[in-house]
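Visitor: I have not looked at this one before. Can you walk me through how the helices pack?
Guide: Here it is.

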Amino acid sequence: MRESSVSFCPVPTEQQPIHEYQQLKDSWFFRWAKLELRNYGLKLAWVWGLSWLIAGPVAAASFAPHQHLVQFILAGGAGAGVFLILVLLRLYLGWSYVCDRLSQETIGYEESGWYDGQTWTKPPEVLSRDRLIVSYQVQPILQRLQRTLGIIAILIISGSFLWNLS
């Protein structure tokens, strides 16, 4: 009996795109992007709020809150936003990498070290499975992260208009 092409894969398990997807999906940090909208928003709000512990004192040193309240709030919010943007970019880059690996027909892998790189062409059934995962699981996550970054960009632009008005 011939072994099916799905079960035979020369790529080490930890380098297989489906395994990389599973690891990302199950990881504590990257799982945030898959949470329901309310919990996703709460995680991001916590990151932004905790970032005020660093951004707040810096903003207060630049703009005394009792004299320049609007500038203090805008500067502190923007400073805390930098940390939030970095978190979102890390989430996006991780999910984007897995998306690319799942979408590719041919994947590169290393058998035992950096010096022996190989490639493997996915059989049609593996490629179809991986692309379905991209379409129904990974793309919605990437779209959510893009929308979130877009909302933050709008908030930054709005904050800059408020800054100029004050």
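Guide: Helix 1 and helix 4 pack at an angle of about 25°, and their axes are 11 Å apart. This is a predicted model, where local features need pLDDT of at least 70 and side-chain atom pairs count only at pLDDT 80 or more, while totals for chains, interfaces and linings use all residues. Residues are numbered from 1 along each chain as its sequence is written, and side-chain values use heavy atoms, with hydrogens and water left out.

Visitor: What counts as a helix, and how are the angles taken?
Guide: Helices are DSSP runs (H or I, at least four residues), numbered from the N terminus. Axes are lines fitted to C-alpha atoms over the stretch in contact, and angles run from 0 to 180 degrees between N-to-C directions.

Visitor: So are helix 1 and helix 4 roughly parallel or roughly antiparallel?
Guide: Roughly parallel, because of that angle; the term covers angles under 35 degrees, with over 145 as roughly antiparallel, 65 to 115 as roughly perpendicular and the rest as oblique.

Visitor: Which residues make the contact?
Guide: Pro17, Ile18 and Tyr21 of helix 1 with Arg129, Asp130, Ile133, Gln137 and Val138 of helix 4. Contact means heavy atoms within 4.5 Å.

Visitor: How does helix 1 sit against helix 3?
Guide: Helix 1 (residues 17-26) packs against helix 3 at about 155°, with the axes 9 Å apart. The two are therefore roughly antiparallel.

Visitor: Which residues are in that contact?
Guide: Among them are Tyr21 and Leu24 of helix 1, and Trp95 and Val98 of helix 3. By class, the contact has eight nonpolar, one polar and three charged residues. Ala, Val, Leu, Ile, Met, Phe, Trp, Tyr, Cys and Pro count as nonpolar, Asp, Glu, Lys and Arg as charged, and the others, Gly among them, as polar.

Visitor: And helix 2 with helix 4, at what angle?
Guide: About 50°, with their axes 13 Å apart, so helix 2 and helix 4 are oblique to each other. Leu37, Tyr40 and Leu44 in helix 2 meet Arg144, Leu145 and Thr148 in helix 4.

Visitor: Different topic. What volume does the largest pocket have?
Guide: About 640 Å³. A pocket is an open set of points on a 1 Å grid over the protein atoms alone, where a 1.4 Å probe fits, with protein on both sides within 12 Å along at least five of seven lines; lining residues have an atom within 4 Å of a point. Grid points are joined across faces, edges and corners, and the volume is the space filled by probe spheres set on the points.

Visitor: Which helix gives the most to the lining?
Guide: Helix 4, with 11 residues.
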